[in-house]
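Open the model in your viewer and keep the selection tool at hand. Each stop below says what to select and what is there.

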Amino acid sequence: METEVRIRAFRATDDKETCIKFVLGHQKVLENHGIQKVTSSTNAWIDSPSVIVIVVESLDRQKLYGGARIHIANGIDPLPLETATGDMDPKIYDYIKHYSKTGTAELCGLWNSIEVAGLGIGSYFPSRASIVILNQLGLGSLFSLCSPVTLRFNQWIGARVFTEVGNQGTFYYPKIDLLATIIFLEDPLTLNKAHPRERVKMFWMRENLSNVHEEKSPFKNITVKVHYELEVKGIKQNEFNVV
């Protein structure tokens with residue numbers, strides 16, 4: 001079991017080798033859960049400058065334990081959740097278009113390998129890291145399509161269920177016997193709806209993008225040493241605001 005890792009953020013086009021490792025690791029996890037193909041999943045994101053990748057990796061960068069992606073709405077490519085749920089509720093298109101005016105994105109592709117299952121390394125900590133870097137990206141909101149397992153810690157970090165679409169925010173996805181919920185973070189700068197402990201932590205991380213911190217697993221009585229590298233290089237001011 002790995003108890004010392006790095007969590008690193010970068011633009012997809014800046015590290016294609018790691019992106020390929022991400023694809024292979026995520027695919028293996030989905031197959032282990034009996035999911036052969038996710039309708040909203042393609043590998044075209046590897047070549048998109050509008051995708052930010054967050055990975056959990058070994059300190060020598062040779063092994064990936066998990067990660068997530070932030071797909072930023074660019075007015076051209078649909079977000080994965082639009083592809084996933086648009087046929088079931090077309091209202092999602094109008095909401096994404098509306099929030100794109102002040103910059104919006106989707107946190108997606110969240111996965112972790114069996115080596116770190118239950119530690120929070122591949123799910124909880126990367127989700128928190130994604131919120132930490134939103135101010136660098138100039139985004140005004142963030143969507144995510146999450147499983148029942150990950151719903152609770154998305155609420156810890158300030159998101160709410162987006163009841164405006166689907167069945168009070170829920171859909172059967174990626175297959176008929178699995179339930180997914182769209183959640184929405186509408187105040188990424190102030191984080192007023194986050195748990196006070198999490199809010200303090202995320203503001204501290206924004207001021208200390210490169211740090212080494214002892215993290216206690218929220219699910220097990222285990223401490224993990226995490227090396228954070230959360231500065232995203234080359235982001236221009238207002239780069240992702242869609243007019």
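Select Phe143 and then Phe184 in E8: the two stand opposite each other. Strands here are DSSP runs (E, at least two residues), and helices are DSSP runs too (H or I, at least four residues), numbered from the N terminus. The model is predicted, so local features need pLDDT of at least 70 and side-chain atom pairs pLDDT 80 or more, while totals for chains, interfaces and linings use all residues. Residues are numbered from 1 along each chain as its sequence is written, and side-chain values use heavy atoms, leaving out hydrogens and water.

Now show E5 (142–146) and E8 (179–185) whole. They pair (DSSP finds at least two bridges between paired strands) in the antiparallel sense, over five bridges. Arg160 also stands opposite Phe184; strand E6, residues 160–161, pairs antiparallel with E8 over two bridges.

Next, select strand E7, residues 170–172, which runs antiparallel to E8 and is joined to it by three bridges. Tyr172 stands opposite Leu179. Six residues lie between E7 and E8 in this hairpin.

How many of E8's seven residues are buried? Six are, where buried means under 20% relative accessible area, exposed over 50% and partly exposed in between (1.4 Å probe, protein chains only).

Move to helix H3, residues 91–100, and colour its buried residues Ile92, Ile96, Tyr99 and Ser100. Seen down the axis, they fall within an arc of 105 degrees (taken from the directions from the helix axis to the C-beta atoms), so they line one face of H3. Asp94 and Lys97 are exposed on the face turned away. Helix H2, E5 and E8 are among what covers the buried residues of H3.

How values were computed
Contact = heavy atoms within 4.5 Å.
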